Amino acid sequence: MSAFQVHISDHDILTPGDSPNVLVAMNPAALKANIELMPKARCSSSTSDSFEERDLPRPGYDENPLTNGSLAAYTVYEVPMTSITRRSARRPG
């Protein structure tokens, strides 16, 4: 499930999404685009299966941010979501 909101006004509209507590990055581009929204020491979760070497150049990473120490200021949970989904979707037998 995902959600999207549009608010139009002639003044600033603040929503809970303006200061998130948790960032769930499903790929390197999502991490790159949204990590600046996160205050230091907040939680970031990433689909670690999507952070392979071939996935890093497009959003501008020279190295894997999950392993190079650049996210040391955050609590990061690496979840192999793609692998988990594939395992759970296998048909028995």
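**A nonpolar patch and its surroundings**

User: Which residues of β1 are on its covered face and which on its uncovered one?
Analyst: In this predicted model, Leu23 and Ala25 make up the covered face of β1, while Val22 and Val24 make up the uncovered one. As a general point, side chains in a regular strand alternate between the two faces of the sheet.

User: What strand is β1 joined to, and by how many bridges?
Analyst: β1 is joined by 4 bridges to strand β2, residues 43-47, and the two strands run parallel. Within this pairing, Val22 stands opposite Cys43 in β2.

User: Which residues form the nonpolar patch on the surface?
Analyst: The patch is formed by Val22, Val24, Met26, Met81 and Ile84, which together have about 420 Å² of accessible area. At least two of its residues come from β1 (22-25), and at least two from α2 (81-89).

User: Where is Met26 then, and why does it count as partly exposed?
Analyst: Met26 is found in the loop between β1 and α1 (28-34), and it counts as partly exposed because its relative accessibility is 45%, which falls between the 20% and 50% limits.

User: And Ile84, where is that?
Analyst: Ile84 is in helix α2, and with a relative accessible area of 35% it is partly exposed too.

User: What lies over the face of Tyr61?
Analyst: Lys32 lies over the face of Tyr61, at 4.6 Å from the ring centre.

Key: Residues are numbered from 1 along each chain as its sequence is written. This is a predicted model: local features need pLDDT of at least 70, side-chain atom pairs count only at pLDDT 80 or more; totals for chains, interfaces and linings use all residues. Side-chain values use heavy atoms; hydrogens and water are left out. A charge sits over a ring if NZ of Lys or CZ of Arg is within 6 Å of the ring centre and within 35 degrees of the ring normal. Patches are made of residues with over 30% relative accessible area and no salt bridge: like charges are joined within 9 Å, nonpolar side chains (Val, Leu, Ile, Met, Phe, Trp, Tyr) within 5 Å. Accessible areas come from the Shrake-Rupley method with a 1.4 Å probe; for residues, only the protein chains shown count as cover. A salt bridge is a side-chain nitrogen of Lys or Arg within 4 Å of a carboxyl oxygen of Asp or Glu. Buried means under 20% relative accessible area, exposed over 50%, partly exposed in between (1.4 Å probe, protein chains only). Two strands pair if DSSP finds at least two bridges between them.
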